[in-house]
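Okay, thanks for coming, everyone. I've got one structure to walk through today, so let me put it up.

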Amino acid sequence: MQYLTIPVTAFEQNCSLVWCEETSECAFVDPGGDADKLIAAVAQYGLKPVGVFLTHGHLDHVGATLALAGHYQIPISGPHTADQYWLDALPLQARQFGLPHCDAFVPGHWLQEGDALHFGKQTLEVLHTPGHTPGHVVFVHRQAGVVFAGDVLFNGSIGRSDFPGGNHRQLIDSIKTKLWPLGDDIIVIPGHGPNTTIGKERHYNPFIP
């Protein structure tokens, strides 16, 4: 598996373009906006999009979803159904942040713990990691040693839990029970900011008791 992290929008949200080298099939993980920028990256690498994968329903992670799904005629997978209220509220989220209108939508497939997402000959394992939002999920590629962590865990920080539906205790529990067992060498690709590793955050993250 190959991946490219592309920061999008004023929120500098990390959209990840993931692809299978053997087949050139690719998927978008959390396309928060700037659809034209993402479409250009697909063309630059000669890739064939087959899906949009979402970790949670916040606008800065899903803003370009409908544009990309429509442009390539590809399905939308995720997040967990517990985040439906966030997707329903996308027009309100856009107004609150002074951003262009964003239509509400329902993904073709809600995700849950143990699901698998495929692109080419590659597989991402789905883990349900509530706390930042109740329906937050992360995607693990064990062979590459990578987790696409959305807004659960950051380099030196953790996700916010003060939004409607957030729960700090759940967030810490998700980190400790779902992310720590992946192993210290796993690379964490967060929803914002630079990459880190499970080991670094386990030992030095000041927000995790």
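Predicted model: local features only at pLDDT ≥ 70, side-chain atom pairs only at ≥ 80, totals over all residues.

Pockets first, so here's what I mean by one: on a 1 Å grid over the protein atoms alone, a pocket is an open set of points where a 1.4 Å probe fits, with protein on both sides within 12 Å along at least five of seven lines, and lining residues have an atom within 4 Å of a point. Points are joined across faces, edges and corners, and a volume is the space filled by probe spheres set on them.

Numbering starts from 1 along each chain as its sequence is written, and side-chain values use heavy atoms, with hydrogens and water left out.

So, the largest pocket holds about 320 Å³ of space. It has 17 lining residues, and His58, Asp60, Gln93, Phe97 and Phe163 are the closest to its centre. Helices H2 (59-62) and H5 (90-96) each put in at least two lining residues, with H5 giving the most, three. Helices here are DSSP runs of H or I, at least four residues, and strands are E runs of at least two, numbered from the N terminus.

By class, that lining is eight nonpolar, six polar and three charged. For the record, Ala, Val, Leu, Ile, Met, Phe, Trp, Tyr, Cys and Pro count as nonpolar, Asp, Glu, Lys and Arg as charged, and the others, Gly among them, as polar.

The second largest pocket comes in at about 200 Å³. Thirteen residues line it, and Thr9, Gly32, Gly33, Leu99 and Pro100 sit nearest its centre.

Over to the strands. E3 (residues 25-29) has four of its five residues buried, meaning under 20% relative accessible area with a 1.4 Å probe, protein chains only. On one side, E3 runs antiparallel to E2 (residues 13-19) with four bridges; two strands pair if DSSP finds at least two bridges between them. Val18 is opposite Ala27 there. E3 also runs parallel to E4 (residues 48-53), with five bridges, and Glu25 faces Lys48.

Conventions. Buried < 20%, exposed > 50% of the residue type's maximum accessible area, 1.4 Å probe, protein only.
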